[in-house]
Amino acid sequence: MRSRNFVAVVACVALVGAMMAATGTATARVGSAASIGSDEIKVGGLIETQFAGSDIGAKARFADENDKGGVNGRKITYVSGQTYAQGNTAAALAEGQRLVQQEGVAVIVPSITSVPPTQFLTQQKVPAFSWSITPLGWDNKWYFGITGALVAPFPKSAPGSASLPEMLSQQFKDEGNANGGKGKTVAIIGSDDASAKSGVNQAKKTFVTDGYKVPYAKGAFSLTTPTTDYTPFVQAIMTSNNGNPPDVAYLVASFNDVQGLSKGLRQAGFQGVIVNPTTYDPRIVKAAETLEVYTQWATPEAAATTPNMQKVVDSIHKQDPNAALSLGTLAAYFAADMFIQALKAAGKNVTTDAIQKAAAKMTYQIKDVIGPTKYPAGFTLGTSCAQLAKSNGAAYDVVVKFGCYPAYIFGTGTKPKKTIPAPTG
């Protein structure tokens, strides 16, 4: 799985390119009258094992709102779900059915999974608020992403985000290179499935548009057979720039492949930037030493200068002082926050249809932290905003603060047919 719009982030769930859609025959719907009471609305989360425990972020946001009396007098009751293995479509469908048909949840929030049962949820008219890191959420009017729809189903293509090329250019300028990224060389490597290869090609076009040279761009890692020897990939990258190493190695891969390949590159003497979307997590900061990671939102390291980020951190730690502020935990918080905004907009006489209609025309944002993500464009467009950080072995340092950037629509050629301006709140 790779996003043609924000190609890196979906490496967190790299098996999506090989999966099939979670489907199922819908049975009798639990109507909104049964799911939404006068003083309560039930919600539940769909979470894969790789994000286990991240729903603490959603619980924190719900607790904050409930402490203020809820939304229009309704408290939000969170029904804890059962995690399931990454890519297990049958388990995801079964859990979705259990939450809706047995527990009576009206809304799925958060949905942090590579295989959401979107067909079932749509049939049941159950909105879902998610980190949309799967093509199954693409162009689905009941599936809302905190940063829009990131992954188009192959062979469709989403715009290419200029966020990473422009953040790297800013980094180079900050390091004293007046030309930024212009003329710098980039090697891009991803997985060997069709969707990933398409994403790697889209990333190449985006870097070239921003003035970089891309001598190496391949989908190489198997999705089904774990890589045990990274030597061939190390050698290919180390000689990709006319026999020399490139300036940047962009690893659009699973955590294991990022770790294995980056270790091999450093041992081979690679001195350039190694950047990826997977290695942000306070629990693995030592393992990520020297690696740069870019995320679709500000991280807790920005809290000292970003009051809204500090509020997020404080909320989660109030709920659980030991909570890991991982990408999954933050995504769950944002999904809950987005849902609450939609619920408020839906009015007092709320139904799931009213929530869907409100979310379908909303703009989701926490200023200087995440977004803006504008709907209905967000059904097929990811938000081109990001932050760049680097692990020093003990902590992450913000290299380029959170900001928003243009996106490019490509045809079959290498030059964009259209530039989408950076989103503004």
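Let's start at one residue, Arg61. Arg61 lies in helix H2. Is Arg61 buried or exposed? Its relative accessible area is 9%, so Arg61 counts as buried. Setting aside neighbours within four places in sequence, Arg61 is in contact with Ser315, Tyr333, Ala336, Asp337 and Ile340.

One caution before going on. This is a predicted model.

Now the whole chain. The protein chain has 11 helices and 17 strands. Its C-alpha trace spans about 70 × 45 × 40 Å along the principal axes. How does the radius of gyration agree with that of a compact globule? With 425 residues, a compact globule would come out near 22 Å. The protein chain has 21 Å, so the two agree. Of those 425 residues, 58% count as buried. The protein chain exposes about 16000 Å², and carbon and sulfur atoms supply 49% of that area. Now take contacts between residues at least 6 apart in sequence. Of these, 70% join residues at least 24 apart.

On to the rings. A pair of aromatic rings is described by the distance of the centres and the angle of the planes. How many aromatic pairs does a search of the whole structure find? The count is 19. Take Phe62 and Phe339. Their pair is edge-to-face, with 6.3 Å centre to centre and 90° between the planes. Phe62 sits in helix H2, residues 56–67, and Phe339 sits in helix H10, residues 327–346. The pair therefore ties together parts that are 277 residues apart in sequence. Both Phe62 and Phe339 are buried.

A second pair is Phe207 with Tyr212. This pair is edge-to-face too, at 5.1 Å centre to centre and 85° between the planes. Phe207 has 2% relative accessibility, so it counts as buried. Tyr212 has 4%, so Tyr212 counts as buried as well.

Back to Phe62 and Phe339. Which residues do ring pairs link into a cluster? They are Phe62, Tyr78, Phe129, Phe144, Phe339, Tyr375 and Phe379. Phe379 also has a charge over its ring. The charged end of Lys141 sits there, 5.0 Å from the ring centre. Elsewhere, Lys184 lies over the face of Phe172, at 4.7 Å from the ring centre.

Next, a sheet. Three strands form an open sheet in the order E6-E16-E17, with antiparallel pairing. Strands E6 (160–161) and E17 stand at the edges. Each has a single partner strand, so one side of each is left without a neighbour in the sheet. Now look at E16 and E17. Strand E16 covers residues 407–410, and strand E17 covers residues 416–420. Four bridges join these antiparallel strands. They form a hairpin with five residues between them. Which residue in E17 does Phe410 stand opposite? Phe410 faces Pro416.

Step back to Pro406. Pro406 lies in the loop between strand E15 (396–404) and E16. Pro406 and Ala162 are 244 residues apart in sequence. In space, they are 5.6 Å apart, C-alpha to C-alpha. What does Pro406 touch, not counting residues up to four places away in sequence? The list is Gly160, Ser161, Ala162, Glu166, Ser384, Thr419, Ile420, Pro421 and Ala422.

Last topic, the backbone. Most residues other than glycine have a negative phi, and most peptide bonds are trans. Here are some exceptions.

Cis bonds come up at two prolines. The peptide bond from Gly371 to Pro372 is cis, with omega near 15°. Pro372 lies in strand E13, residues 370–374. The bond from Tyr375 to Pro376 is also cis, with omega near 15°. Pro376 lies in the loop between E13 and strand E14 (385–391).

Then positive phi. Lys125 is not a glycine, yet its phi is positive, at about 55°. Where is Lys125 found? In the loop between helix H4 (118–124) and strand E4 (128–130). Its relative accessible area is 35%, so Lys125 is partly exposed. Asp139 is not a glycine either, and has a positive phi of about 55°. Asp139 has its place in the loop between E4 and strand E5 (143–145). At 38% relative accessibility, Asp139 counts as partly exposed.

That's the tour. Over to you.

Definitions and conventions:
Residues numbered from 1 in each chain as written. Predicted model: local features only at pLDDT ≥ 70, side-chain atom pairs only at ≥ 80, totals over all residues. Heavy atoms only, no water. Pairing = 2+ DSSP bridges. Helix = DSSP H or I, 4+ residues; strand = E, 2+ residues; numbered from the N terminus. Phe/Tyr/Trp six-rings, centres within 6.5 Å; stacked < 30°, edge-to-face > 60°. Buried < 20%, exposed > 50% of the residue type's maximum accessible area, 1.4 Å probe, protein only. Lys NZ or Arg CZ within 6 Å of the ring centre and 35° of its normal. Rg over C-alpha atoms; globule rule 2.2 N^0.38 Å. Contact = heavy atoms within 4.5 Å. Areas by Shrake-Rupley, 256 points an atom, 1.4 Å probe, with all protein chains shown as cover.
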